[in-house]
Amino acid sequence: MLRLNSSKEAELYAKANQIRQDIINTLVEAGSGHSAGPLGMADIFAALYFHVLNHDPGNPNWEDRDRLLVSNGHICPVQYVTMAHAGYFPKEELLTLRKLDSRLQGHPHRTSLAGLETTSGPLGSGLSQAIGVALAGELDEKRFWTYCICSDGEQNEGNFWEAVMFAGKRKMRRLTAIMDRNNIQIDGHTEDIMPLEPLRAKYEAFNWHVLEIDGHNIEAFVDAINESKAIYEKPTMIIAHTIPGKGVSFMEGDYQWHGKPPKPDEAKIALKELRTLEGRIVSEHE
Amino acid sequence: MAIQKNAYISAKVFDEDVEQQPTRNGYGEGLLEAGEKYENVVALCADLTESTRTEAFAKKFPERFFEVGVAEQNMNTIAAGLGISGKIPFVASYATFSPGRAVEQIRTTIAYNDSNVKIAGHHAGISVGPDGATHQALEDVAIMRAMPNMRVIVPADAEEARKATLEAVKIKGPVYLRFAREKTPVFTTKKTPFRFGRAEIFFKAAKPKVAIIAAGPILHNALIAANELKKEKINTVVINCHTVKPLDEKTILKVVKEVDAVVTVEEHQVLGGLGGAIAELLAKEMPKKMGFIGMQDCFGESGSPEELIKKYGMDTVAIKKKVKEVLKS
């Protein structure tokens, strides 16, 4: 059971804020990439890498580590930034994102960067891979946990539901999926493009345990992780309701920020908002 | 004797009563042996366990066998996860569906991801027969050959299929193995060498004028054609090119150097498969007149295997004709 005291919780929120700032810095330098998803998932990534995961950045291939597979690979800026903060590689390297010879490929490539559990980007295939990883763990009688981060948009993919069916059949308890339910995808709002609701009922019908949380409430997220670990007969889907672009006022909730980076002047505003906690405190920088 | 001694070909290779077995049987035997020999070998199947001969493994090692249902994309991606976690997964379905339907998943999560997955494509070739074009995989070698990190093996008979399956375990990284549905002659023996990445000369008449390079069970037709041509005083050399990727460039160039022309033989489209691979090599290193036996950029249809092989120009008559054609021009 993962306990979360108030000082740890405050530390995680502060970490999430730093991660958001570095996402902006990284994307501006890259000149392309996705903004909304990474910002929306910063709280969950901070909680995972700095509280939930049993991992060792100094020994990324440690065989008993928890596995985190990111199915929606396009949100990799948040994973790269969080990994750098956790010590997997130097933070300066973040500025190489999407550039020639970089370990930080535009979509994550396992063999390029130690600490990435798999290669992803094309949507809908991450949960199956997580299942494979978890099955290997079962065969080896390992105790590690397998987490799979996925998006709501990729629920459109048939491959995803093949995986959902399989995990339900196998009652894969050491598997927890976390869905970034931010209601947007490239062409617009998820319910306009291809309605997903009722999502909870769908997963329950496939024999999953389903939890719904506010994806910006770290305490709720940690509670959900704890509950998922206490469920012995089913895999768990945590539907995390998030705000795409969270923390930057002009990006929040706007699907047009799904796949583009901020321009330098936009980044300046974004960073100021993040530093001042949206104007609630004074920033020493200008 | 034109049959090469060190190939240890069955004495019955040209006889009517040569043993007949589908190459998929060799997969089943090889997989079972691999399971016995290596603890980390696991198998997955998409609702075709009996047909792909995965059954024996599944019965013997139920805890290492995963039935995914009719879901080839899921099968390949689950295998990708297993393959990056220390397991050696073999996935089996009909080649039209796997690799066919799962091409992007294979490209991203197995090939690019360099996951240690062995993909067994069954019911490949036109000899699938009555099921018709939907079930006759004729583009699989071209598709898989184009993927970086992917190796491609096309065994010629059940015995070679068994060896290839076992050998695939030792190769670190993705491998595509191609198998057929129909019974075909088992003309190699336990002693016939099978070395991954190596082409073997099976037949060589004195001072050959044409090299016939073949892969898969259709190699048997090539051998019969070569034997009959020899009686007509047309001397050829026949290469078993079971590993289509990586190509054994050294052996092929050495053989081709001695001849005037080359004919490739495969139960696959003539675009991008074995013929394409040989043409690419020769265009670079040693341009020769070439002829291509295979599907001529068209789909198959229902019929008996023999009827189809004949209609689409892959029988011994067609091979002999092609050899004479390339010699003339």
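**View 1. The contact between chain A and chain B.** In this predicted model, the contact between the two chains draws 21 residues from chain A and 23 residues from chain B. On the side of chain A that touches chain B, the helices α5 (126–139) and α6 (158–170) of chain A each supply at least two residues, and the largest share, nine residues, comes from α5(A). Sorted by class, the residues on this side of chain A are nine nonpolar, 10 polar and two charged.

**View 2. The packing of helices α1 and α10 in chain A.** Helix α1 (residues 6–30) of chain A packs with helix α10 (residues 264–275) of chain A at an angle of about 175°, and their axes are 10 Å apart. Because angles over 145 degrees count as roughly antiparallel, α1(A) and α10(A) are described as roughly antiparallel to each other. From α1(A), the contact is made by A:Asn17, A:Arg20, A:Gln21, A:Ile24 and A:Val28, while α10(A) brings A:Pro264, A:Ala267, A:Ala270, A:Leu271 and A:Leu274. These residues divide into seven nonpolar, two polar and one charged.

**View 3. The two domains of chain B and the contact between them.** Chain B is divided into domain 1, made of residues 5–17 + 192–328, and domain 2, made of residues 21–184, and the centres of these domains, taken over C-alpha atoms, are separated by 24 Å. Their contact takes 33 residues from domain 1 of chain B and 31 residues from domain 2 of chain B. On the side of domain 1 that touches domain 2, at least two residues each are supplied by α7 (219–231), β12 (243–245), β13 (261–269), α9 (274–285) and α10 (305–311) of chain B. This side of domain 1 of chain B has 16 nonpolar, 14 polar and three charged residues.

Terms used: Residues numbered from 1 in each chain as written. Chains lettered and ligands numbered in written order. Predicted model: local features only at pLDDT ≥ 70, side-chain atom pairs only at ≥ 80, totals over all residues. Domains from an automatic or database assignment. Contact = placed C-beta atoms within 7 Å. Helix = DSSP H or I, 4+ residues; strand = E, 2+ residues; numbered from the N terminus. Nonpolar A, V, L, I, M, F, W, Y, C, P; charged D, E, K, R; others polar. Axes fitted to C-alpha atoms, helices over the stretch in contact; angles between N-to-C directions. Parallel < 35°, antiparallel > 145°, perpendicular 65-115°, else oblique.
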